[in-house]
Amino acid sequence: MAINWFKYSSPASFYFLAGKMIPLFTIAAIILFAVGLYIGFFVAPTDFQQGEAYRIIFIHVPAAWMSMFLYVMMAIWAGIGLAFNTRLSSMMATAIAPTGAMFTFLALWTGALWGKPMWGAWWVWDARLTSELILLFLYIGFMSLQAAIDDPRRADKAGAVIALVGVVNIPIIYFSVKWWNTLHQGASVSITQSPKMATTMLTGMLIMSIACWMYAIAVILMRTRTIILERERHTVWVGELQGVTK
Amino acid sequence: MKPRHKKLAIIASGVTALGLAVALVLNAFESNMVFFFSPSQVAANEAPVGKSFRIGGLVEEGSIRRQSDGVTVKFIVTDTAKVIPVVYTGILPDLFKEGKGVVAQGKLAADGVFRADEVLAKHDENYMPPEAAGALEQARIQKTVMTK
């Protein structure tokens, strides 16, 4: 191995690496959003049941996927931080939370907008919707707990416990439509079955998902950089950084 | 065992224990977590008696009867095994159609008619253009003709 990966677990070297990566992910996100939205609005055909209203799927499903995926990532980083006492992984977890919460809110909000015309209700207390709402509360709980503790290292540890405990909710969200009778329909796209969507619809949805992914990486890296600067402000390298920019 | 490995083991076992506990709780609650009961479950007396609950299934083909007042609708919910007649007064969602999924909330009256105060449409997870849906329907009809 020529590359020493552990070098990037130091906040100082990660700070510069992230700085180089952010523009790449930002550009990728912009391009993919443009392509995905174009397919979603103009290329994908009208649905046989729901007409044009189904098009909200192009943001609803990617947002819901991201909300679950980011929670798992947050819990993994928080868990690594807790187990191995690595500063950067805890900072990553803290940086992921707001974006994860944003996607959870987006999934719930677009779901409500979709539910009213199609189901006849903004909100129902079925297992899928309720468990996704709990996910939002987990994100908010994680963020407020960390904000309530002044010492960042203690805040990391307390947050990690919430994050790890909350992971049990992820399979519940995902399998809720299988385990129980829910108003929410089953998965259209899954690993075990062939997709139950027309190909252009699926393409648009997957491109939008990758776009959301790129966006999430870009903003999470930006946030991590800010957290690094804030927490390492008394170190020599941050001091030198200020000297350089002056 | 290094201290950090010990710590990891403690966290891992903690998460596993918690996961197990949640799985058991969910299993115990399973019967209470259902959003709706199917007509077969109602027939088997699994639905609460005298309380408001939801039934779910398909609207039976040819069963929708609009009453003369214009807002009251009678229809039959089926799970292809058992049926429940439903009466509802109010606005129906756009996707409410014969042969499609429906969830109705209300009470089961003594005469066996389900008096709904809310009707929601339940759609499936298939998305396709109308032409594809038409082709599928055509294939289905042909298949039934051939098997007859």
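This is a predicted model: local features need pLDDT of at least 70, side-chain atom pairs count only at pLDDT 80 or more; totals for chains, interfaces and linings use all residues.
Residues are numbered from 1 along each chain as its sequence is written, and chains are lettered from A in the order in which they are written. Local features need pLDDT of at least 70 and side-chain atom pairs count only at pLDDT 80 or more, while totals for chains, interfaces and linings use all residues.

Biologist: How are the axes of H3(A) and H7(A) oriented to each other?

Modeller: Helices are DSSP runs of H or I with at least four residues, and strands are runs of E with at least two. The axes, lines fitted to C-alpha atoms over the stretch in contact, with angles from 0 to 180 degrees between N-to-C directions, come within 8 Å and cross at roughly 130°. Angles under 35 degrees count as roughly parallel, over 145 as roughly antiparallel, 65 to 115 as roughly perpendicular and the rest as oblique. H3(A) and H7(A) are therefore oblique.

Biologist: Which element gives the largest share of the side of chain B that touches chain A?

Modeller: Residues are in contact if their C-beta atoms, placed from the backbone, lie within 7 Å, and 31 residues of chain B are in contact with 35 residues of chain A. Helix H1 (3–29), strand E6 (114–122) and helix H3 (130–147) of chain B each give two or more residues to this side. The largest share, eight residues, comes from H1(B).

Biologist: What separates the centres of domain 1 and domain 2 of chain B?

Modeller: An automatic or database domain assignment supplies the bounds, with domain 1 at 1–33 and domain 2 at 34–122 of chain B. Taken over C-alpha atoms, the separation of their centres is 40 Å.

Technical notes. Two residues are in contact if their C-beta atoms, placed from the backbone, lie within 7 Å.
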